[in-house]
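This briefing sets out selected structural features of the model shown below. The points are grouped by topic for use beside the sequence and coordinates.

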Amino acid sequence: MENRELWERLNMDLVKHDEFLAPVPQIFTQLFLERKDRPAGMGYFDAVVGDVHGIRVHELFAMKEAGAKVFSTFCVYVPEEIVVATGSASIGLCAGAQFTVPSGEKVLPRNMCPLIKSTMGFKLDRICPYFQVSDWVIGETTCDGKKKAWEILNEHIPTYVMELPQKKNAKDSKLWEEEVREFAAFIERETKVTLTAENLSEGIEKINNKRKALQRLADLRKHNPAPIHGLDVLLINQLSFFDDPVRFAAQVNALCDELDERVKEGRGVAPADAPRILVTGTPQPLPAWKLHALVEQAGAVVVGEETCTGERYYKDMTEPAGSLQEMLANISKRPLKVNCACFTPNQGRLEDIVHMAKNLKADAVIDFNLQFCQPYGVEGYFVAKELEKQNIPFLRLESDFSEEDQGQLLTRIEALVEMIRG
């Protein structure tokens, strides 16, 4: 079956879809393919993007034809191990494009996070095949905007919502464990597959291996000169939510083997004196590449992301256990180590930023906030205080997914780079 036939069967709006995808090849070529001395291992990830609405969507459609289910989500808190254990798929969703924001604003306030508006627009416009192939969306209560948007989204696709606690005390951990157990029961009902110690152990291992591969890649970025562009790593992190977890881990490890050799040779993609930047703040979902592209255009290199499309997703493993009940308990523990701005207080995030900045030998931190994201916008106050205390240079930026402010952002980033260089 050709892509267009598949898209028609998924009831996509092909006219809008073609309009959305039309500029992507040129943009991707300019941002990624024209860069010199990129690792050969990036070829796999380039190929995935080259057919991002094809190959994987065909696989998911075939899984459904064979009786499996597809569950899509936006958040690192949703326990994908449980979904994978049943033989079904857990995937991310399209969420980082300005193209669909106007459609999202037809049902959502304009002064709302562009990520939520973009996501809603992708579904209303029927141009995201991952939305169209999904049986369920799994939402969570990480912010009020999402929490209420799920009610609208549920009118267009079945949406299951997990209640995430706002603190990390014992009673909050108990609440989240109950949510995880209820989610496991929901997945069993929907997939008609019973969770066992055997299949859940396999699910945990698959996702842990994916996270270990991403950890290995992240650790290689501490070397100077940087063996890989930050923009390339952002792309890999974004694709980690879409690709088959076993295949993805193998490809990341193959890339890391190549980067190991580059490190031994002292070979980098940027000069050794290029300013090293750590990015923190809100996630940058596919295809949001603006910030990293501008930073590296300015002559710096991004060496890490303290974000949900970065370190928060893979920094912790789910501990193995001997029984099904213990596994479910451990699955519930891992996400509560993630320091999202939805939690109060959130001292752990400040510690993460400082630790990453020192470990990666970052010269400065960019605290990036999507417009109207209140949790990260407010928490930027504490991030600034901590970075000042640690004498770490930083820059606070706010933007959306549009291209209109690129000149302004670049000017401010260039000023930061010049300050670092002295």
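How many disulfides does the structure hold? The structure, which is a predicted model, holds one disulfide. The bond joins Cys94 to Cys128. The sections below begin with the cysteines and then turn to the strands, the aromatic residues and the charges over rings.

**Cysteines**

- The sulfur atoms of Cys94 and Cys128 are 2.5 Å apart, which is within the 2.5 Å cut-off applied to a disulfide.
- The torsion about the S-S bond of Cys94 and Cys128 is about 75°, so this disulfide is right-handed.
- Distant parts of the chain are linked by the pair: Cys94 belongs to the loop between β2 and α7, Cys128 to the loop between α8 and α9 (129-133), and the two are 34 residues apart.
- Both Cys94 and Cys128 are buried.
- Cys75 has its closest cysteine sulfur in Cys308, at 6.1 Å, which is too far for a bond.
- Cys75 is buried, its relative accessible area being 10%.
- Cys256 is likewise classed as buried, with a relative accessible area of 0%.

**Open sheet of β5 to β8**

- Four strands make up an open sheet with parallel pairing, in the order β6-β5-β7-β8.
- Strand β5 (residues 276-281) and strand β7 (residues 364-370) run parallel and are joined by five bridges.
- Leu278 has Val365 in β7 as its bridge partner.
- Helix α15 (residues 290-297) lies across β5, β6, β7 and β8, and runs at about 150° to β6.

- In strand β3 (residues 136-140), five of the five residues are buried, so the strand is largely enclosed by the rest of the structure.
- Trp136, Ile138 and Glu140 point one way from β3, whereas Val137 and Gly139 point the other way.
- Strand β1 (residues 70-73) runs parallel to β3 and is joined to it by three bridges; here Phe71 stands opposite Trp136.
- Strand β4 (residues 159-162) also pairs with β3 in the parallel sense, over four bridges; here Ile138 stands opposite Tyr160.

**Surroundings of Ala89**

- Ala89 lies in strand β2 and counts as buried at 4% relative accessibility.
- Apart from neighbours within four places in sequence, Ala89 is in contact with Arg56, Leu60, Met63, Lys69, Val70, Phe71 and Val83.
- The C-alpha atoms of Ala89 and Met63 are separated by 8.2 Å, and these residues are 26 apart along the chain.

**Aromatic pairs**

- The structure holds 18 aromatic pairs.
- Phe20 and Phe99 form a tilted pair, with 5.5 Å centre to centre and 50° between the planes.
- Phe20 lies in helix α2 (residues 14-21) and Phe99 in the loop between β2 (89-91) and α7 (101-104), so this pair ties together parts that are 79 residues apart in sequence.
- Phe20 is buried at a relative accessible area of 10%, while Phe99 counts as partly exposed at 31% relative accessibility.
- Phe20 also pairs with Phe122: the ring centres are 5.3 Å apart and the planes are at 85°, so the pair is edge-to-face.
- Phe122 lies in helix α8 (residues 114-125) and Phe20 in helix α2, so this pair ties together parts that are 102 residues apart in sequence.
- Phe122 is buried, with a relative accessible area of 1%.
- One aromatic cluster is formed by Phe71, Trp136, Tyr160, Phe183 and Phe186.

**Charges over rings**

- Lys168 lies over the face of Phe343, at 4.5 Å from the ring centre.
- Arg211 lies over the face of Tyr313, at 5.1 Å from the ring centre.

Definitions and conventions. Residues numbered from 1 in each chain as written. Predicted model: local features only at pLDDT ≥ 70, side-chain atom pairs only at ≥ 80, totals over all residues. Heavy atoms only, no water. Pairing = 2+ DSSP bridges. Contact = heavy atoms within 4.5 Å. Axes fitted to C-alpha atoms, helices over the stretch in contact; angles between N-to-C directions. Phe/Tyr/Trp six-rings, centres within 6.5 Å; stacked < 30°, edge-to-face > 60°. Buried < 20%, exposed > 50% of the residue type's maximum accessible area, 1.4 Å probe, protein only. Lys NZ or Arg CZ within 6 Å of the ring centre and 35° of its normal.
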